[in-house]
Amino acid sequence: MNQTINQRIDALRDVLKRERIDAFIIPSTDPHLSEYVAPHWQSREWISGFTGSAGTVVITNQQAGLWTDSRYFRQAGQQLKDSGIDLYKEMLPETPSILEFLKTNLKAGAIVGIDGKVFSAEEVLRLQNDLADNSMTVKSTDDPMHQIWTDRPSMPQEPAFLHEVKYAGKSCPEKLALIRQEMKKAGAKTLLISALDEIAWTLNIRGNDVHCNPVVVSYLLINEQETHFFIQPQKVTKNLSDYLKEATISIHPYEDIESFLKDLPSENIMLNISKTNYAVYSAIPPECRIMDKFSPVSFLKAIRNEQEIAGIHAAMQR
């Protein structure tokens with residue numbers, strides 16, 4: 001196992017050398033900044049062998065480190081043994097942060113690589129500012145794991161399914177109307193939603209894309225008149241397609257979100273930069289005014305209606 005980990009790190013370093021990248025950061029998230037992710041996005045676990053739920057790996061040409069919290073100190077120490085990856089125990093006074101590690105081990109002018117799809121826009125903007133003080137830059141690249149992870153699991157393929165109104169309490173059109181009211185109050189013409197739980201609530205759909213989380217990997221774009229849903233086509237059953245058509249929701253391939261955003265008109269777009277990945281954020285035309293706000297969905301879904309409360313009680317009884 002550890003020999004395999006060494007080989008994986010060497011393969012990544014070969015990619016970094018070709019791309020002229022001096023360090024690469026691998027978090028534990030997916031393009032929706034989820035806490036729990038589908039196997040396809042478990043890159044940090046694959047490159048390190050560490051199976052804990054939280055951690056970040058940094059690979060340079062000469063060094064490799066894993067940062068994790070106190071829940072996993074013993075586990076990480078065991079799983080990283082002989083892997084060439086050093087354990088950095090977070091929150092201990094002697095442990096350098098990732099930023100401090102980069103500043104100590106890289107020279108001025110160094111390039112730090114990331115996959116912009118698995119970092120929030122907020123994180124990348126902050127990292128860019130912090131590294132600029134040391135004359136370093138951040139480079140958002142395509143995921144290098146595509147080149148070296150030969151048996152990588154595919155993206156989740158299971159079909160999405162409906163969450164009936166008798167359980168949801170409000171229909172999808174009713175929820176969209178409430179969301180548009182909140183958008184109008186804020187002065188936003190368009191709302192971009194990346195958080196999977198918010199999309200599931202808005203559309204009254206569920207899925208099996210993430211273990212123990214009934215969500216569907218997708219994006220949702222809402223404007224004053226239209227709703228655009230970005231999802232892998234094979235996940236849309238005829239039943240779901242008919243349902244979305246009846247709700248006047250347009251379906252687009254999941255991968256088209258960035259190209260679609262590039263054609264947005266010059267207007268106010270609301271999104272949460274802590275819940276929107278950097279690659280998607282960067283696709284928005286500079287002429288648009290980005291309104292960094294919590295999604296109105298996060299507040300609307302926090303207030304449970306009678307049917308939702310009854311569902312919670314029934315679940316507790318079971």
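**Close-up views of a predicted model**

**View 1. Helix 4 against helix 5.** The axes of helix 4 (residues 98-105) and helix 5 (residues 121-132) come within 11 Å and cross at roughly 35°. Helices (H or I, at least four residues) and strands (E, at least two) are DSSP runs numbered from the N terminus; axes are lines fitted to C-alpha atoms, for helices over the stretch in contact, with angles from 0 to 180 degrees between N-to-C directions. Leu99, Leu102 and Lys103 of helix 4 meet Leu127, Asp130 and Leu131 of helix 5 (contact means heavy atoms within 4.5 Å). The model is predicted: local features need pLDDT of at least 70, side-chain atom pairs count only at pLDDT 80 or more, and totals for chains, interfaces and linings use all residues. Residues are numbered from 1 along each chain as its sequence is written, and side-chain values use heavy atoms, without hydrogens and water.

View 2

**View 3. Strand 13 and its two partners.** Strand 13 (residues 268-271) pairs in the parallel sense with strand 8 (residues 190-193) over 2 bridges, and threonine 190 has isoleucine 269 as its bridge partner. Strand 13 also pairs in the parallel sense with strand 14 (residues 289-292), over 4 bridges. There, aspartate 292 is the bridge partner of leucine 271, and methionine 270 stands opposite methionine 291.

Definitions and conventions. Pairing = 2+ DSSP bridges.
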